[in-house]
Amino acid sequence: MRALSAPVLSHLDPDLVLLLDDVRERLAGVFRAPEGALALAVSGTGTSGMEALVANQVTDGTRVLAVVTGYFGARLAEICRRYGADVRTLDVEWGRAVDPDAVRAALRQGGADIVACVHAETSTGVLNPVRDLATIAHEHGALILVDAVTSLGGHPLDASAWGLDAVYSCTQKCVGAPSGLAPILWTPAAQAKRVTCRSFYLDLALIEDYWVRRKYHHTLSSTLIYALHEALVAVEEEGLEARWARHERHHAALVRGLEAMGLSLLPPPAERLWTLNAVRVPDDVDEAAVRRALLTDFNLEIGAGLGPLAGKIWRVGLMGASSTEALVTQFLGALEQVLGDLRRRG
Ligand SMILES: Cc1ncc(COP(=O)(O)O)c(C=O)c1O
């Protein structure tokens with residue numbers, strides 16, 4: 001909050017461009033970027049990172065195998081379609097992770113230039129095995145493009161060791177800053193297959209010219225950069241691996257508490273996110289009334305189910321600063337009370 005209130009610098013102020021260099025270096029660290037990769041933050045929310053990588057990697061006829069395990073996988077497939085790609089989807093039941101063998105089989109059946117997949121599917125609470133998918137994609141000569149919006153800073157992710165070619169994320173989840181910037185990682189392997197970008201605003205060559213060579217492209221918000229910088233300093237102070245472990249620990253505590261109350265999670269244990277917990281709504285309560293009471297009486301906001309999971313799950317985020325023991329305890333106590341009250345009232 002203090003970083004956000006610092007005096008505004010112009011987008012080409014010498015102090016700001018030094019800060020941009022620092023942010024690039026810190027982002028490369030958080031992504032565990034391979035040598036020579038471009039790491040920076042696109043102006044806009046997570047979707048702008050998604051669209052920027054697609055717009056620079058996909059053109060008419062690019063063959064994309066889009067792994068769809070939920071709402072955000074479907075969004076990624078749709079954006080690829082809008083940029084002219086020939087998109088084949090591999091649709092997985094909502095609430096389950098993709099089986100790498102299914103991706104292998106799909107690539108054997110028909111090739112692809114790009115495999116696109118969401119690492120942490122926020123709509124279902126599922127973690128997809130993108131490390132295995134990267135190996136399989138490369139065996140078939142395809143690049144892998146990964147959505148790390150709900151995993152970066154919260155779940156292990158190592159672009160270099162795993163061979164991820166293009167990755168985008170957001171600032172408002174496990175990185176712990178306000179929304180408004182989308183960190184991206186674009187490796188030399190992906191850049192070698194860049195296409196002419198149809199979008200001026202999202203042209204990564206022009207954005208790189210600004211971030212690296214200080215050539216005006218658009219008027220970046222210095223305020224959001226201060227916040228992102230501060231958040232990245234906090235990540236470094238905590239330590240990336242300690243931060244992953246914190247997210248795992250508080251997820252486990254939440255699950256234990258929910259199970260003690262007779263509640264269960266949608267994904268099987270090995271496929272669960274630590275950052276977004278998809279909790280099955282019991283049959284005897286009105287799910288919207290529970291969310292309303294949590295928000296009005298306890299100032300705790302949880303998400304509703306999306307698409308086919310509407311009314312069936314609650315989505316409980318434990319991301320960045322919200323992944324704490326105190327909040328887990330507070331949430332469990334509040335939920336117990338709200339469920340009890342609603343059941344008593346019938
Ligand atoms: C997995 C995933 N991808 C993409 C997005 C889109 O990000 P934004 O809403 O910041 O544009 C979200 C948002 O929650 C998400 O969870």
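Guide: Start with a pair of helices. Helix α2 passes helix α3 in a right-handed crossing. Helices are DSSP runs of H or I with at least four residues, strands are E runs of at least two, and both are numbered from the N terminus.

This is a predicted model, in which local features need pLDDT of at least 70, side-chain atom pairs count only at pLDDT 80 or more, and totals for chains, interfaces and linings use all residues. Residue numbers run from 1 along each chain as its sequence is written.

Two packed helices are described by the angle between their axes and the distance between the axes. For α2 and α3 (residues 71–82), the angle is about 40 degrees and the axes are 9 Å apart. Axes are lines fitted to C-alpha atoms, for helices over the stretch in contact, and angles run from 0 to 180 degrees between N-to-C directions. The pair is therefore oblique. That class takes what remains after roughly parallel (under 35 degrees), roughly antiparallel (over 145) and roughly perpendicular (65 to 115).

Which residues of α2 and α3 make the contact? Met50, Glu51 and Val54 come from α2, and Leu76, Ile79 and Cys80 from α3. Contact means C-beta atoms, placed from the backbone, within 7 Å. By class, this contact has five nonpolar, no polar and one charged residues. Ala, Val, Leu, Ile, Met, Phe, Trp, Tyr, Cys and Pro count as nonpolar, Asp, Glu, Lys and Arg as charged, and the others, Gly among them, as polar.

Now the ligand. Helix α2 (residues 46–57) gives the largest share of the shell around the ligand, three residues. The residues surrounding the ligand include Gly46, Thr47, Met50 and Phe72. Others, among them Asp147, Cys170 and Ser179, also surround the ligand. Near means that the C-beta atom, placed from the backbone, lies within 6 Å. The shell has five nonpolar, six polar and one charged residues.

Helix α1 (residues 14–31) and α9 have axes that come within 10 Å and cross at roughly 40 degrees. They are therefore oblique to each other. Here α1 passes α9 in a left-handed crossing. The contact includes Leu16, Leu20 and Arg26 of α1, and Ile225, His229 and Glu236 of α9. Its residues are ten nonpolar, two polar and three charged.

Step back to the domains. The assignment, automatic or from a database, gives domain 1 (3–238) and domain 2 (240–345). Their centres, taken over C-alpha atoms, are separated by 27 Å. In contact are 25 residues of domain 1 and 24 residues of domain 2. On the side of domain 1 that touches domain 2, β6 (126–127) and α9 (222–238) give two or more residues. That side has eleven nonpolar, eleven polar and three charged residues.

Conventions
A crossing is left-handed if the near helix is turned anticlockwise from the far one by less than a right angle, and right-handed if clockwise. Two residues are in contact if their C-beta atoms, placed from the backbone, lie within 7 Å.
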